Amino acid sequence: MNKHRIFSPGSIYFLLVCVLLYLPILLLIIFSFNDSTRLVFPLKGFTLQWYGKLYENRELLKALGNSLMIGFGSSLIATILGTMGAIAIVRFKLPGRSVFLAVSALPLVIPYVIFGVSLLILINEVGMPPSAFAAGLAHVIISIPYALLIISSRLVGFPDNLEEAAMDLGASYWGALLKVTIPICSPALLAAFLLCFTISFDEYAIASFIVGTDATLPVYLFSQLRFPTRLPMVVALAAVLMTVTMAVMLFTEWLRRVGQSPAKKG
Amino acid sequence: MENRRRFASLMGPPSLYLFLLFLLPLGLMFVYSFRAGITGPAHDVFTLDNYRSFLTNSHFHRLFWRSALISLTISVISSLLAYPLAYYLVFQAGRNRVTLMTLLIIPAWTSYLLRVFAWKLILGSSGLLNSLLLSLGVIEKASPMLIYSRSAVIVTLVYVWVPFVALPIFAALGRIDRNLLEAAADLGCKPWEAFLRVTLPLSLPGVAAGFFFAFIPTLGEFVTPLLVGGASGQMYGNLIQDQFMRALNWPMGSVMSLAMLVAVITLVFILTRLASVSDLVGGLNE
């Protein structure tokens, strides 16, 4: 172990990549406080006016509302469906399992442009207008694989004889799931919910095809890029979104580890 | 019997949802790919013309191969950049390696759209990089060359994917038995020989996984070209988007989507042959 060689070529390279990875994010945050309508060096001075503009912008607040609504709804449904799927594939080794796994993992690799346009065809075929609701339905699909992954890795971590014990003590199968399995999984369930939420909150590609006039926050942000004068406000919005997503993800990762730690001991 | 019923009731709702909102739309897209049009009587006429014109249109092919080439470039550069990172973390960073790996991944947890957006601001002709170089006196007038080009797409997407490519390589390197390296040294291998003949071959499944981690999603990319690509940075995904949103030729767009879907599924199939699932998702949970 070269623990004491802090400045080996490897560590310098690592540091350099880290700086490059964080720099764009930092620049975005720094420029959101810059007192100038143009995004150029040198910095002009400190201001909070762009954040103030965000707060006054009604269109933006409406987009925020849409994003929160479909983010909340889609992650709730994805977590519920993911829990059912996870229990089924972890606890029962029955036929149908591998087909289900393959299909539910497919949204991870399918290009979102393809999924987006196929949904456009679907809503057109059933005569449903494009809406934020349609985007919410789609976000459930792309969230399910993540929910399944998080919840099933928690389920693998504790033995199913706890459920059997509950049933021996008189609980029904479903009662045992609700009173034993679900509570033990609750950190994983919350982590899955939060991860699904950030997926939906951040998703632009699919939403851009099917939200119609109910812009979500990413769709709104994208539409504002056409107006150069609104750029500083968009930067402030981006800074807020980035900070929030990062905070939620850090919390999610922490939860996921807390939820799994008993598994490592046993 | 009891178990079967429980299994079915647990599996039913998620399966139904996946069927109705995932498989059914893709199936409909398949049907649309044979339609002569989407409105009026053309809606009910089925034809192979879309496939015929897709196969004969050299513009589509050019863009398809150009996209593949862009994705290939991104994946190769990302793998080359990520390998030394993973190597450093596994063999030299000691006990801190998982923490440091997490440090690499954290920026990737922020919004993908916004990281691309940040690069648009950095590379723009009146953007940050240009103004920085101007004020430092490195260049005399702003260069518009940085943005709206294929290289802007490549730079941005390499930035996005490097941490994800490093992850499976990190996992693969971490699983190498250190005794093998000691044995190689005992048998007279110089360190670089041991690297070439032991470490590198053993880490190749991880490299392959990392390569595909970047290649598969960038193949279908259309948002990044939209933001930083300009005309020369357009990819196949933009062509599909155009067919649906501007040209309104949905049947043609469906054929193009299906072609890409087949390409992606083939690649995923190859990936699952090359690397085991633990190569793909392992890494941070050690």
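The exercises that follow concern a predicted model.

**Exercise 1.** Determine whether Thr83(A) is buried or exposed, and describe its surroundings.

Solution. Begin with the location: Thr83(A) is part of helix 3 of chain A, which covers residues 58–91. Next, count the neighbours. A residue is buried if 20 or more other C-beta atoms lie within 10 Å of its own. Thr83(A) has 25 C-beta neighbours inside 10 Å and therefore counts as buried. Then consider contacts: apart from neighbours within four places in sequence, Thr83(A) touches Ile151(A) and Leu189(A). Finally, compare sequence with space: 69 residues separate Thr83(A) from Ser152(A) in sequence, yet their C-alpha atoms are 7.8 Å apart.

**Exercise 2.** Describe how helix 8 of chain B and helix 9 of chain B cross.

Solution. First, take the geometry: the axes of helix 8 (residues 178–186) and helix 9 (residues 191–219) of chain B come within 10 Å, crossing at roughly 145°. The crossing is right-handed. Second, identify the residues: helix 8 of chain B contributes Leu180(B), Leu181(B), Ala184(B) and Ala185(B), while helix 9 of chain B contributes Ala194(B), Val198(B) and Thr199(B). Third, classify them: six are nonpolar, one is polar and none is charged.

**Exercise 3.** State how many residues of chain B are in contact with chain A, and which helix of chain B gives the most.

Solution. Start with the totals: 65 residues of chain B contact 63 residues of chain A. Among the elements giving two or more residues to this side of chain B are helix 1 (2–32) and helix 12 (250–274). Helix 1 of chain B gives the most, with 20 residues. Lastly, the side of chain B that touches chain A comprises 47 nonpolar, 15 polar and three charged residues.

Key:
Residues are numbered from 1 along each chain as its sequence is written. Chains are lettered from A and ligands numbered from 1 in the order in which they are written. This is a predicted model: local features need pLDDT of at least 70, side-chain atom pairs count only at pLDDT 80 or more; totals for chains, interfaces and linings use all residues. Axes are lines fitted to C-alpha atoms, for helices over the stretch in contact, and angles run from 0 to 180 degrees between N-to-C directions. Helices (H or I, at least four residues) and strands (E, at least two) are DSSP runs, numbered from the N terminus. A crossing is left-handed if the near helix is turned anticlockwise from the far one by less than a right angle, and right-handed if clockwise. Two residues are in contact if their C-beta atoms, placed from the backbone, lie within 7 Å. Ala, Val, Leu, Ile, Met, Phe, Trp, Tyr, Cys and Pro count as nonpolar, Asp, Glu, Lys and Arg as charged, and the others, Gly among them, as polar. A residue is buried if 20 or more other C-beta atoms lie within 10 Å of its own, exposed if 12 or fewer, and partly exposed in between; C-beta atoms are placed from the backbone.
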